[in-house]
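Good morning. Please have a look at the next slide, and then I will go through a few details.

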Amino acid sequence: MTAAYWDAIPPIRFEGPGTDNPLAFRFYDKDRTVLGKPMADHLRVAVCYWHSFCWPGSDVFGPGTFARPWHQDGDTLAAAEAKLAAAFAFFEKLGQPFFCFHDVDVAPLGETLAEGRHALEHIAERMQAAMARTGTKLLWGTANLFSHPRYMAGAATNPDPDVFAFAAGQVRATLEVTHRLGGVNYVLWGGREGYETLLNTDLRREADQLGRFMAMVVEHKHKIGFPGTILIEPKPCEPTKHQYDHDAATVHAFLLKYGLEKEIRLNIEANHATLAGHAFEHEIAYAIANDLLGCCDINRGDPQNGWDTDQFPNDVAEATAVLTRIVSAGGFTTGGFNFDAKLRRQSIDPEDLFHAHIGGMDILARGLIAAERILTEGRLARFVADRYAGWDQGRGRAILAGGLSLAQLADEAMAENLKPAPRSGRQEYLENLLSHHV
Ligand code: XUL
Ligand code: CO
């Protein structure tokens, strides 16, 4: 039994900051009330199937290093069932509320669309039973439109419309299964929607193809009554040299161009933000400022490496900054924190996957507890409100209301002989304020 793989690991419990047990939570206390609701309901943590149960520890220089007994039957339904048992045994021990998957993570894709759909539905039935038994819920499903060679030049942005049609088949099946399993989001990451060289690429066509694909997904969501959120996950590069879903602002412009800004939100991934030259906090702040925040893929990159290392998060200051923003914006609705993170290749023991998730959940918990202190104290929010207070009254309000022309305003400024006095931005004071709470 592959579920027995984790037999030596006890169920993971909250033991508090004083414990020396590496298989216990120090800060993640799911029932602890934070700003009026349980910690688990703020963080909505998910384990991802692909890095945790599918990836064997391979890299471009060598094969897998992990023992993953459920892989021994190859890419078959029997192996998919064994993997399902192993995954849910892991979820039961960790006790996180959600998980996420790609179609190909959970069931063999087969040779044809019909075969793939049949396999996915077969597994979905068993998954539904496992979810009912364990209480684990689906944060999101997604279709892998990037691994198979047919997608080497993209899925929706492929020069061949038959590839677009094949992708439509995979997305329909996966969206419908996500719906049947009560999933609360559906993710579209533009795996190879981008280019390697502009020499063979028609940018205008590819954008229109992608816009049409997204619109078709949204139409189908409404047709089947899927109540969840459709999310796009920005990433600037890797695997292609240039990915169209570059960053939050680029996806925002795309959504506006194709009239999808009310239908699709963002799944912001920390390491993708880094690759785009942004802070994770920047991408979160941009999404919130434009009503686009959906969900987060939580992980980290390596400051010295320019690729998607997908490590588990370990930065409390970053978690604090991000959670302060998310919580003060009202928190997640359908979203949550999905660990799109993987072990290092030398972490070959069963407990390594637990250490990784325990550490990540504790980091999020510490960020949330610090965010509670920052928001309760209120000095940061008051500082920002005060900084912009002029815009809520008198001249500021009149300018924004649109009743003044440039010339009128200029005349006023001249008549009053305005000499605005500079005010300190107090950056160091604010940085200290944040770090006192971390
Ligand atoms: C790739 C990535 C994906 C998406 C889902 O960088 O983040 O795993 O999260 O396709
Ligand atoms: Co991701």
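The structure holds 15 salt bridges, a salt bridge being a side-chain nitrogen of Lys or Arg within 4 Å of a carboxyl oxygen of Asp or Glu. This is a predicted model, where local features need pLDDT of at least 70, side-chain atom pairs count only at pLDDT 80 or more, and totals for chains, interfaces and linings use all residues. Residues are numbered from 1 along each chain as written, chains are lettered from A and ligands numbered from 1 in the order written, and side-chain values use heavy atoms, without hydrogens and water.

One of the salt bridges joins R126 and E81, at 3.7 Å from N to O. R126 lies in helix 5 (residues 113-134) and E81 in helix 3 (residues 77-94), so this pair ties together parts 45 residues apart in sequence. Helices (H or I, at least four residues) and strands (E, at least two) are DSSP runs, numbered from the N terminus. R126 is partly exposed at 33% relative accessibility. Buried means under 20% relative accessible area, exposed over 50%, and partly exposed in between (1.4 Å probe, protein chains only).

Now the metal. Which residues coordinate the cobalt ion (ligand 2)? They are E233 (OE), E269 (OE), D297 (OD) and D340 (OD), at 2.0 to 2.1 Å. Donors are N, O and S atoms within 2.8 Å of the metal (3.2 Å for Na, K and Ca); water is not among the atoms, so sites may look incomplete. E233 lies in strand 10 (residues 229-233) and D340 in the loop between strand 14 (337-339) and helix 12 (350-377), so the pair ties together parts 107 residues apart in sequence. Both E233 and D340 are buried.
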